[in-house]
Amino acid sequence: MADTPRTGIPEQIARRMTMPEQHEYLRTKLSRRRVIASSAATVGGAALLGGASPAYAGLPTLLPSSVTARVDGSLVAPFGRHLAFGADPKTQMRISWQVPFAVKAPYVRVGLKPWELSRKIEAEVRALHTPSLSRKLPAVDQFYLHVGLDGLKPGTTYYYGVGHDGFDPADASRLSTIGSFRTAPERPETFVFTAFGDQGVSYDALANDQLILGQNPSFHLHAGDICYADSSGQGKESDTYDARVWDQFLAQTESVASRVPWMVTTGNHDMEAWYSPNGYGGQSARWSLPENGPDAKNAPGIYSFTYGNVGVVALDANDVSYEIPANKGYTDGAQSAWLDKRLGELRRQAGIDFIVVFFHHCVYSTSTHASDGGVRDAWLALFTKHQVDLVINGHNHVYERTDAIKGGEVGKPVPVGASTDPTRDGIVYVTAGGAGKDLYGFGPGVKDSYEGNVHDHDHIVSFHWTKLRLPDPDTVEWSRVRYTGFSFLAVEAEAGTSPSLKVSALAESGERVDYFEIRRGR
């Protein structure tokens with residue numbers, strides 16, 4: 001019985017298998033030791049280590065009790081702290097962190113003052129095993145810890161510390177490890193959020209983090225391709241994957257993500273094919289995100305939340321991409337149906353002036369990956385129907401911003417410093433992929449054009465990806481601002497009688513390279 005060339009699975013067996021079942025077959029075949037899944041036992045909301053079950057079933061797994069707490073807890077320091085909102089940022093916060101070895105009784109201490117962390121909550125353990133996927137890569141065991149805080153007071157600053165048996169953040173010698181966060185206000189007020197995609201681990205990524213912290217943002221949006229542990233980004237079973245890069249990334253990001261909720265979604269490099277389901281098991285182990293999307297268990301990068309007068313929607317463009325189709329159609333239309341419903345709810349919700357949508361693949365870009373026709377076909381009509389105000393993408397490692405686009409054409413030119421009204425002019429699309437990974441560029445003869453260095457082009461030759469995974473040439477007039485450099489977005493949302501989104505792009509030097517305003521017609 002011959003193996004199929006694509007998967008290495010016997011052909012007669014492969015014909016009867018779904019893609020997830022083929023993934024599971026290959027995992028069982030590849031692994032030199034069986035990964036032990038967690039028991040269902042919990043105590044006080046904290047998952048326990050131990051308890052054997054059959055081979056890896058697709059969820060983040062816990063390791064056998066024989067490997068727990070093999071190092072004295074007093075010698076193990078937590079790292080990689082990162083925050084995320086729950087579905088209601090006024091009352092919910094998720095605290096996540098990592099330890100290099102298994103520890104006993106991990107927990108979070110929380111209080112209204114840094115010296116009074118009286119509330120103690122046991123943590124959920126999500127331990128993750130990655131086998132040696134090539135001769136160059138070792139097997140890796142990682143331990144991720146999570147606590148969900150509910151019932152918090154709006155507009156309130158809380159202090160927290162993470163610990164375990166032998167490491168108490170309330171001890172005088174540990175006070176430097178105390179972090180803080182602030183819940184969303186009860187009523188809308190002016191605030192700032194930041195955004196980018198395609199970060200990775202690098203000096204430039206770290207520099208961007210520190211610049212973001214200087215903006216004092218209420219939250220940060222990460223539009224996918226988070227750390228590049230999977231360097232190929234194709235979502236294939238044959239992809240190699242170095243899980244240790246996540247340790248470096250979370251340590252790099254901790255200085256900002258431990259204070260600013262880090263709201264991520266999934267890019268093509270985040271489809272880590274070893275982990276079921278859909279390559280997102282690792283994502284589910286490392287992040288605690290709002291669970292109000294169409295299927296939080298299988299699609300962790302799809303969710304929404306509201307903060308002040310802004311509704312935010314995170315999408316997984318891997319589900320609709322023509323360019324990189326590994327996960328195409330995995331929600332079977334559920335994501336798009338949910339998007340239609342959720343955008344309608346947000347547009348009708350009292351107090352919500354603006355809707356911001358973020359995801360990885362570009363709707364409109366002229367850089368290396370150009371535009372994804374799958375994203376356009378699936379969601380463009382919905383964005384128009386519900387008058388989305390701002391769309392943020394990554395994928396292309398540059399900064400590029402469109403004019404206001406309506407019906408696929410320029411509804412209104414929006415030069416640097418201009419104002420636009422989505423109810424009349426159309427939607428502005430921003431590619432903010434200069435977070436820290438190696439930069440791309442633009443086509444031959446196409447100049448950068450940004451604040452203080454404007455070089456307008458009447459048209460630019462580009463392309464978009466088709467259903468056949470072929471580049472279809474485009475000649476576009478909507479590419480208004482282009483910057484080949486590390487950068488991020490900073491958006492100031494103003495509430496009140498004349499609400500606005502003031503959108504700035506800042507370079508790694510701190511210099512502003514773009515600015516425009518969004519004001520809706522009344």
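Start by selecting Asn216: just after helix 3, this residue takes a positive phi of about 50 degrees. (Helices, H or I with at least four residues, and strands, E with at least two, are DSSP runs numbered from the N terminus.) Before going on, note that this is a predicted model, where local features need pLDDT of at least 70, side-chain atom pairs count only at pLDDT 80 or more, and totals for chains, interfaces and linings use all residues. Residues are numbered from 1 along each chain as its sequence is written, and side-chain values use heavy atoms, with hydrogens and water left out.

Now step back and select helix 3, residues 203-214, together with helix 4, residues 244-257. Their axes come within 9 Å and cross at roughly 10 degrees; axes here are lines fitted to C-alpha atoms, for helices over the stretch in contact, with angles from 0 to 180 degrees between N-to-C directions. That crossing makes helix 3 roughly parallel to helix 4 (angles under 35 degrees count as roughly parallel).

Which residues make the contact? Show Ala205, Leu206, Asp209, Gln210, Ile212 and Leu213 on helix 3, then Gln252, Thr253, Ser255 and Val256 on helix 4. Contact means heavy atoms within 4.5 Å.

Next, colour Ala205, Ala207, Asn208, Asp209 and Ile212, the buried residues of helix 3. Buried means under 20% relative accessible area, exposed over 50%, and partly exposed in between, using a 1.4 Å probe and protein chains only. What covers them includes helix 4, strand 11 (191-196), strand 12 (219-222), strand 13 (262-264) and strand 27 (487-494).

Jump to Ser462 in strand 24, residues 460-465. Is Ser462 buried or exposed? Its relative accessibility is 8%, so Ser462 counts as buried. Leaving aside residues up to four places away in sequence, Ser462 touches Ser365, Thr366, Ala370, Asp472, Pro473 and Asp474.

With a disulfide taken as a pair of cysteine sulfur atoms within 2.5 Å, the count comes to 0.

Finally, zoom out. The chain has 7 helices and 29 strands, and buried residues make up 58% of its 522 residues.

Definitions and conventions:
Parallel < 35°, antiparallel > 145°, perpendicular 65-115°, else oblique.
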